[in-house]
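Please read the points below alongside the sequence and the coordinates.

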Amino acid sequence: MRFVLWKAGGKPLDHDVPIHVVTEPSQLPVEFLNPSAAKELIIGFDCEGVNLCRHGALCIMQLAFPDAIYLVDAIEGGESLIKACKPALESSYITKVIHDCKRDSEALYFQFGIKLHNVVDTQIAYSLIEEQEGRTRLPGDYISFVGLLADPRYCGISYLEKEEVRVLLRQDPMFWTYRPLSEMMIRAAADDVRFLLCIYYKMMEKLNERSLWYLAVRGALYSRCFCINENNYADWPDIPPIPDNLTIEDNAPEEEILYVLDVPPGKMGRVIGRRGASILSIKQSCNAEIFFGGAKGPPDKAFIIGPVKQVRKAEAMLKGKMVDIY
């Protein structure tokens, strides 16, 4: 099966692109399996699964190269196939372009021991570009992948089949486990990555140096967000430091961190508030992102990402919501 990619940033993406279903590591490019500084790569990346998270099974991992798309079949290839991809997914020499990396990273970490590294998250990049260009977004208002594809600045295409797949997933959550892969499954999986390189090059043209640092830092923090363990992320790569040329500016960026706040049993409702009113007011008061594990878990924690002072402010406000008032 073949699809046509759009040309982006002068890259050779305008020819037919074959799609390969991979069940053995030998079917993947050698330069992917053996990352090297001599052959740095930029690939589109996504995962599909059953309620994808630490517990929800990862079924397919999609890799988009300029000349081909690879659908890595975790059902047929098993754990050994995914673990063969571990060096690439953890490598600094391979940039993984993905839209909203948190749950994909969580599944890779808890199911396969893979620490997803060197990601460019297009959801983060979109927000940074909006901020750069003077537009503001409401707290918790994140661009969806369908919305990103529809934006004429990046692709300007509709993705109607995505909604069809969502309907099928609601009807049958086991959709991605069935084999052999149907033509619709192959097409849907490929469509989730085939425009990511196009979007990446267009975004890179817009992002300034300050935003590029934020993109790298937040990508690293979002990747580990739900991957909480007992060693406080000590086994993860270091967060990119603030570049020297940015520290000499009058408005130098502040260090950004991830803080995990334990929410005592019975207090989550108070933190979130009626129809989300409490958490919305906190998000409006702090320049920090706040995420909750929700139904996928972990259910008793809040994850706060942002500049140190803003994270501490959000932490204090959240703790204030937990205090019993008599």
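1. The side chains of His99 and Thr122 are joined by a polar contact of 2.8 Å. A polar contact is a pair of N or O atoms within 3.5 Å; within protein, one must be able to donate a hydrogen and the other to accept it, and residues adjacent in sequence count only if both atoms are side-chain atoms. The side chain of His99 also reaches the backbone oxygen of Ile143, at 2.9 Å.

2. This is a predicted model, in which local features need pLDDT of at least 70 and side-chain atom pairs count only at pLDDT 80 or more, while totals for chains, interfaces and linings use all residues. Residues are numbered from 1 along each chain as its sequence is written, and side-chain values use heavy atoms, with hydrogens and water left out.

3. His99 belongs to the loop between strand S6 (94-98) and helix H4 (102-112); helices (H or I, at least four residues) and strands (E, at least two) are DSSP runs, numbered from the N terminus. With a relative accessible area of 13%, His99 is buried; buried means under 20% relative accessible area, exposed over 50%, and partly exposed in between (1.4 Å probe, protein chains only). Leaving aside neighbours within four places in sequence, His99 is in contact with residues including Asp121, Gln123, Ser144 and Leu148, where contact means heavy atoms within 4.5 Å.

4. Gln123 has its place in helix H5 and counts as buried at 10% relative accessibility. Its side chain reaches the backbone oxygen of Ile143 at 3.0 Å. Gln123 and Ser144 are 21 residues apart in sequence, and their C-alpha atoms are 7.5 Å apart in space.

5. Why is helix H5 described as largely enclosed by the rest of the structure? Nine of the 11 residues of H5 (residues 122-132) are buried, among them Ile124, Tyr126 and Leu128. The cover over these buried residues includes S6, H4, strand S7 (119-121), H6, helix H9 (196-206) and helix H10 (209-224). At the start of H5, a side-chain oxygen of Asp121 comes to within 2.9 Å of the backbone nitrogen of Gln123. Gly134, which follows H5, has a positive phi, near 85 degrees.

6. The largest pocket holds about 790 Å³ of space. Of the 25 residues lining this pocket, Asp46, Cys47, Glu48, Lys162 and Lys296 lie nearest its centre. Strand S3 (41-49), H4, helix H6 (145-150) and helix H7 (160-171) are the elements that give two or more residues to the lining. On a 1 Å grid over the protein atoms alone, a pocket is an open set of points with protein on both sides within 12 Å along at least five of seven lines, and lining residues have an atom within 4 Å of a point. Grid points are joined across faces, edges and corners, and a volume is the space filled by probe spheres set on the points.

7. How many disulfides does a search of the whole structure find? It finds zero, a disulfide being a pair of cysteine sulfur atoms within 2.5 Å. For Cys47, the nearest cysteine sulfur is that of Cys85, 9.8 Å away. For Cys198, the nearest is that of Cys155, 4.1 Å away.

8. The protein chain has a mean pLDDT of 91, and 94% of its residues reach 70 or more; pLDDT is the predictor's confidence in each residue, from 0 to 100. Over residues 1-15, pLDDT stays under 50. Where pLDDT is low, the predicted coordinates should not be read in detail.

Technical notes
1 Å grid on protein atoms, 1.4 Å probe; cavity = no way out; pocket = protein on both sides within 12 Å on 5 of 7 lines; lining within 4 Å.
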